[in-house]
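Dear colleague,

Please find below the structure that I am handing over to you.

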Amino acid sequence: MPRIILMRHGESTWNRRKLFTGWVDVDLTDEGRRQAADAAEVLAAEGITPDLCFTSVQIRAIRTLWIALEGLNMEWLPVVRDWRLNERHYGALQGFSKAQIADLVGEEQVRIWRRSWAERPPLLDPEDPRFPGNDPRYAELAPQQLPRGESLKDTVARLEPAWTGPVRHALEQGRTPLIVAHGNSLRGVVKILDGIPDEVIPRVEIPVGRPLLYELDDALQPTESRYLGPVPEGTVLPREVPRP
């Protein structure tokens, strides 16, 4: 039966500092590197190995994948880097801590920006150095594809062509893809897989550095999902998050 492995990157330097990160390219902490190495050990122990990899174009996801493949002795696997798997773009919030923003606008507004489905953060000015149009890795994107800030709804819409195109094609070919991406882009993947409603998906939490395995039927619908190895206390599978 088809299967797919999802993994959020290991802890980043800005995760540790509780900063809005988005499309800012920050690296892993030492703990994040250890988490990536541990993920490889878990995959090897379970006898679950990918044969094709997908990742974003952000270094925290790319390095997590590098470390995991090194641990599996599978550095030779083909890797597709796709900007559509990038983290949600947090607009003008990027680089600020959640506490700083809460002091300015209140905790409830921060909660709405972080945990609503359709609310966008304050948008970047195109002249801002943080605007993706200033980054050479996005030079081939059309102007309308360059976000100034995204809601979770925007992020899922941006991600969807990657899922319905190359990822689905790989599954239809009988491949076992490993997707190493980000909390919000992976929310988009599990939303599609598990049919999670718009109002529920903001409550889905995917822990860093923990492989999430989906077993699929021939129609590529999930038959089972489970985290591999230990997960933080209180972790709930996406499909088990309560629905109204």
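This is a predicted model: local features need pLDDT of at least 70, side-chain atom pairs count only at pLDDT 80 or more; totals for chains, interfaces and linings use all residues.

The largest cavity is lined by Arg88, Arg114, Arg115, Ser116, Leu152, Asn184, Arg187 and Pro202. A cavity is a set of points, on a 1 Å grid over the protein atoms alone, where a 1.4 Å probe fits but cannot get out, and lining residues have an atom within 4 Å of a point. Its space comes to about 30 Å³, where a volume is the space filled by probe spheres set on the points, and grid points are joined across faces, edges and corners. The structure holds one cavity of 30 Å³ or more. Helices H5 (107-115) and H7 (183-194) are the elements that each give two or more residues to this lining. Helices (H or I, at least four residues) and strands (E, at least two) are DSSP runs, numbered from the N terminus.

Residues are numbered from 1 along each chain as its sequence is written, and side-chain values use heavy atoms, with hydrogens and water left out.

I turn next to the salt bridges. The whole structure contains 20 of them, a salt bridge being a side-chain nitrogen of Lys or Arg within 4 Å of a carboxyl oxygen of Asp or Glu. One of them joins Asp154 to Arg120, with 2.6 Å from N to O. Asp154 lies in helix H6 (residues 152-172) and Arg120 in the loop between H5 and H6, so this pair ties together parts that are 34 residues apart in sequence. Arg120 is partly exposed, at 45% relative accessibility; buried means under 20% relative accessible area, exposed over 50%, and partly exposed in between (1.4 Å probe, protein chains only).

Another salt bridge links Arg158 with Glu150, whose closest N and O atoms are 2.6 Å apart, and both of these residues are buried. In the bridge between Asp198 and Lys191, the closest N and O atoms are 2.8 Å apart. Here Asp198 is partly exposed at 33%, whereas Lys191 is buried at 15%.

The last topic is the aromatic rings. The search found three aromatic pairs: rings of Phe, Tyr and Trp (its six-membered ring) pair if their centres lie within 6.5 Å, and planes under 30 degrees apart count as stacked, over 60 as edge-to-face and the rest as tilted. Phe20 and Tyr90 form a tilted pair, 5.2 Å centre to centre with 55° between the planes. They are 70 residues apart, and both are buried. The ring centres of Trp23 and Trp83 are 6.3 Å apart and their planes stand at 70°, so this pair is edge-to-face. Trp23 lies in the loop between H1 and H2, and Trp83 in the loop between S3 and H4. Trp23 is buried at 6% relative accessibility, as is Trp83 at 14%. Ring pairs also link Trp23, Trp83 and Tyr138 into a cluster.

Yours sincerely

Key: On a 1 Å grid over the protein atoms alone, a cavity is a set of points where a 1.4 Å probe fits but cannot get out, and a pocket is an open set with protein on both sides within 12 Å along at least five of seven lines; lining residues have an atom within 4 Å of a point.
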